[in-house]
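Please keep the sequence and the structure in view while reading.

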Amino acid sequence: MECNYSSDQIDIPSSFYQELLIWWQKIRETADPDNNCKYIIWNNKEILIDGNSVFYKKYFVKGIKYTNDLLFDMNNIESFNIMKRKGLVSNFLIWTGLRKSVPLHLREQKSNSNVIFDVGNYRCRHYYSILIKFIYERPKKWLMLADKFNLTEEQLSKTYLLPLHVASEPYVRSFQYKVLNCILFTNDLLFKIGYIASPNCTFCKEALETIQHFLFYCAVSQAFWNDVIYNILSKLSSCGYLLLSDVIVGFLREEMGLENYVLLLGKIYLWDCRRNDNKPSITHFIQILKNKYDTEKLIAQKQNKYQSFKNKWHLYERHFLYL
Ligand SMILES: [Zn+2]
């Protein structure tokens, strides 16, 4: 797996393993073109003797692996004698033949500190993240979001990663993704595709039900958020008000994990109220938060991950455990 082989030069009877080698060759060439494998002598597609790559086990066990182990700063005789003194059993012609077959551009090894593929330490998730990078596209609303809330590239990245850091539930994460990408099916959208008769807001029935109106500007939602600030957020972090960007994007400061989680749950709660035709109630919402606390506590105990649980919930425990 470390060698710079060519799958054409290796005869493997199993087509499964053949395919794996082809795949590995391709992904490494694309994702990590400067990999040090280029300088490994053995099975190297650029180091050919009689048209074939080679592997000399006797050399390998003596620690000869990279082209600079062939001591190109000396001539054939000097280098051969040194290796002989180190215990290499070989004849001069084979040694010289191997040295001659190394192309000039590989004789001086450039050190590459930027290791992308570390075969020894890589796990599935590392390969997965590299494969994902090949097909990664920016979310379509990336620029619109940057424009609307005046966010830098770094803040945008944080915005999209935030739900992954503060919530473990796939539903919560994907809901926020829909909010950021404006793909929540509010009445405004449903009306445009001819699914319902009125585009107006489910709560107030007055304004167009866009995502921003529904989650923030609507009087019903405003009343709910004021209750959330008064009853929860002000206790967690002396937060006295919420801006549109706080509700849509979240707080982008590092230490506000629980506050962001509360905002995510709040948005989902409003959405659930809309679907069930209920009026938002802060008492109900506080109970939902308590249930989340209890569930995550139980999971943390079972999985023995109490520290990360504490990191997330310690402020909640300080202010709300009496409920
Ligand atoms: Zn409304």
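## The α7–α8 pair

In this predicted model, helix α7 spans residues 153-166 and helix α8 spans residues 170-180. Their axes come within 8 Å of each other and cross at roughly 160 degrees. Because angles over 145 degrees count as roughly antiparallel, α7 is roughly antiparallel to α8. The crossing of the two helices is right-handed.

On the α7 side, the residues that take part in the contact are Thr159, Tyr160, Pro163 and Leu164. They meet Val172, Arg173, Gln176, Tyr177 and Leu180 of α8. By class, the residues of this contact divide into 6 nonpolar, 2 polar and 1 charged.

## Domains

Two domains are assigned to the chain: domain 1 covers residues 7-124, and domain 2 covers residues 139-320. The centres of domain 1 and domain 2, taken over C-alpha atoms, are separated by 55 Å.

## Overall form

The chain contains 15 helices and 2 strands. Its radius of gyration is 31 Å, whereas the globule rule gives 20 Å for 323 residues. The value for the chain is well over that of the rule, so the chain is more spread out than a compact globule.

Taken along the principal axes, the C-alpha atoms of the chain fill a box of roughly 90 × 50 × 40 Å.

Terms used: Residues numbered from 1 in each chain as written. Predicted model: local features only at pLDDT ≥ 70, side-chain atom pairs only at ≥ 80, totals over all residues. Domains from an automatic or database assignment. Axes fitted to C-alpha atoms, helices over the stretch in contact; angles between N-to-C directions. Helix = DSSP H or I, 4+ residues; strand = E, 2+ residues; numbered from the N terminus. Parallel < 35°, antiparallel > 145°, perpendicular 65-115°, else oblique. Left-handed = near helix turned anticlockwise from the far one by under 90°. Contact = placed C-beta atoms within 7 Å. Nonpolar A, V, L, I, M, F, W, Y, C, P; charged D, E, K, R; others polar. Rg over C-alpha atoms; globule rule 2.2 N^0.38 Å.
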